[in-house]
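Open the model and keep the sequence beside it while reading. The paragraphs below go from one contact to the next.

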Amino acid sequence: MIGRLNHVAIAVPDLAAASKLYREGLGAQVSDPVEQPDHGVTVVFVELENTKVELLEPLGSGSPIQNFLDKSPAGGIHHVCYEVPDIDAAAERLKAQGARVLGDGKPKTGAHGKPVLFLHPKDFNGTLVELEEA
Ligand code: CO
């Protein structure tokens with residue numbers, strides 16, 4: 001069912017410092033910061049040959065990654081995103097197996113303007129999994 005790894009998202013406490021680390025330290029191509037107020041994050045995209053890394057910094061109050069950074073102040077891997085061809089079919093299949101889709105269980109428009117859903121980390125080995133229709 002799942003296809004390519006779309007991205008790995010890393011929560012960071014300081015986006016400018018993290019961007020510099022990837023750009024200068026690792027020699028990666030790093031985008032300018034993009035504010036995504038609907039998602040409570042500012043993002044930079046690290047473009048790799050085979051996938052992307054997204055560095056996420058909290059934006060505004062109530063950011064969904066603030067709790068994560070409160071527990072892991074240095075930052076850390078927040079979620080992985082896999083591509084699926086049909087998000088509704090994926091949601092039905094997973095729910096039928098007892099997996100918990102976060103929120104109201106329906107796909108939402110994600111950070112890239114495509115339908116996404118998130119799966120409960122307790123059902124996936126402690127990893128928050130995002131599925132994106134692609
Ligand atoms: Co994501």
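E92 and K95 are three residues apart in helix α3, which means that about one helical turn separates them. Helices (H or I, at least four residues) and strands (E, at least two) are DSSP runs, numbered from the N terminus. The side chains of E92 and K95 form a salt bridge, with 3.9 Å from N to O. A salt bridge here is a side-chain nitrogen of Lys or Arg within 4 Å of a carboxyl oxygen of Asp or Glu. K95 is partly exposed, at a relative accessible area of 35%. On this scale buried means under 20% relative accessible area, exposed over 50%, and partly exposed in between (1.4 Å probe, protein chains only).

The model is predicted: local features need pLDDT of at least 70, side-chain atom pairs count only at pLDDT 80 or more, and totals for chains, interfaces and linings use all residues. Residues are numbered from 1 along each chain as its sequence is written, and side-chain values use heavy atoms, with hydrogens and water left out.

By the rule above, there are four salt bridges. One of them joins R100 and D123 at 2.9 Å, N to O. R100 lies in the loop between α3 and β7 (108-109) and D123 in the loop between β8 and β9, so this pair ties together parts 23 residues apart in sequence. R100 is partly exposed at 41%, and D123 is also partly exposed at 27%. Another salt bridge joins R4 and E83 at 3.6 Å, N to O. R4 is in the segment before β1 and E83 in strand β6, 79 residues apart. E83 is buried, with a relative accessible area of 14%.

H7 and E130 are both buried.

In soluble globular proteins, nonpolar side chains tend to be buried together. A nonpolar core is a set of buried Ala, Val, Leu, Ile, Met, Phe, Trp, Tyr and Cys residues joined through side-chain atoms within 4.5 Å. The largest one has 24 residues, and I10, Y22, V46, L55, L117, L119 and L131 touch the most other members. Helix α3 gives the largest share of this core, four residues.
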